[in-house]
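Me: Please go through this protein model with me, one point at a time.

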Amino acid sequence: MTDESQLPSYGPPPGQGPYHGQPQPPPPGYGQQPAYGPPQPYGVPPQYGHHGQQPPFPPRIDSKAVKPSLWWIAGVWALAVTAGLAGVAVFVGGVVGSVSDLAPTRTFASGESVTVPVDPADKPAVYIATDTPVSYECAVSGGPGQAKLAKTAGSQTVTADAVVWEQLLVINAPAKGDYQLTCANKESANVRYGVGRPLSSAAGGVLGGAAALFLIPGAGILIAITGTVVVLVRRRSARGRLAGAG
């Protein structure tokens, strides 16, 4: 048999240990707070910032308090749209007005003689309205000097009150005065002659309308862009002031 006194022993000596005998000293550092920061009570979230204060949240800013209102942006772009419509209206009105002014103001039948006030600067035009092609002859006489008739190059027409007028001739007079104009055709047809402004005089109205078509809408768009930038910059500044005050 083996002598139990000679067996190796494990654990603490008899009479000592964690369950009986003398109490064991606590391990080093037991029960002490960590070396960093002040002691924190249980259940309280850690504190940050200076003097134990919570970091402030950015104040909530009422959008209605930020000036100027976004309605200003809508207003300036509505102005731009209005300017665009105005430009189109001026263009169409200028073109239609110029064309309608070209229509003959005095008409006469074949073989009839009419008195025409002629200004050399205006060069009145002779027009014809017919449903069928005809051969015509025109003559001008009287006045303070000998006037001449010059043919129109190409086919130039103007429509007024559903009547198509074709420009035939222009009157070149040496001086301002009243002249007698006579036109006649050989064919028996429903033909009317007239005196009005030449089609070349409509160029000014067309160019003016075209300029209005670009300038007026362009000015409206420029105002809208500038207004939008100003409103956004001022709103950003106002938002910063309100945030600082909060």
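This is a predicted model: local features need pLDDT of at least 70, side-chain atom pairs count only at pLDDT 80 or more; totals for chains, interfaces and linings use all residues.

Me: Which pattern does the secondary structure follow along the sequence?

Reply: Helices (H or I, at least four residues) and strands (E, at least two) are DSSP runs, numbered from the N terminus. The protein has two helices and nine strands. Read along the sequence, the pattern is α-β-β-β-β-β-β-β-β-β-α.

Me: What share of the contacts with a separation of 6 or more is between residues 24 or more positions apart?

Reply: A contact means heavy atoms within 4.5 Å. Among contacts in the protein with a separation of 6 or more, the share from residues 24 or more positions apart is 82%.

Me: What percentage of the residues is buried?

Reply: Buried means under 20% relative accessible area, exposed over 50%, and partly exposed in between (1.4 Å probe, protein chains only). The protein has 246 residues, and the buried share is 24%.

Me: How many disulfides are in the structure, and which residues form a disulfide?

Reply: A disulfide is a pair of cysteine sulfur atoms within 2.5 Å. A search of the whole structure finds one. The sulfur atoms lie 2.0 Å apart, and the residues are Cys138 and Cys183.

Me: Why is the disulfide right-handed?

Reply: The handedness follows from the torsion about the S-S bond of Cys138 and Cys183. The disulfide is right-handed because that torsion is about 115°.

Me: Is Arg235 buried or exposed, and which residues does Arg235 touch?

Reply: Arg235 is found in helix H2 (residues 203-245). Arg235 counts as buried because its relative accessibility is 12%. Not counting residues up to four places away in sequence, Arg235 touches Val66, Lys67, Pro68, Ser69 and Leu70.

Me: How far apart in space are Leu70 and Leu232?

Reply: Leu70 is in the segment before helix H1 (71-102), and counts as partly exposed because its relative accessibility is 48%. Leu70 and Leu232 are 162 residues apart in sequence, and their C-alpha to C-alpha distance is 8.3 Å.

Conventions
Residues are numbered from 1 along each chain as its sequence is written. Side-chain values use heavy atoms; hydrogens and water are left out.
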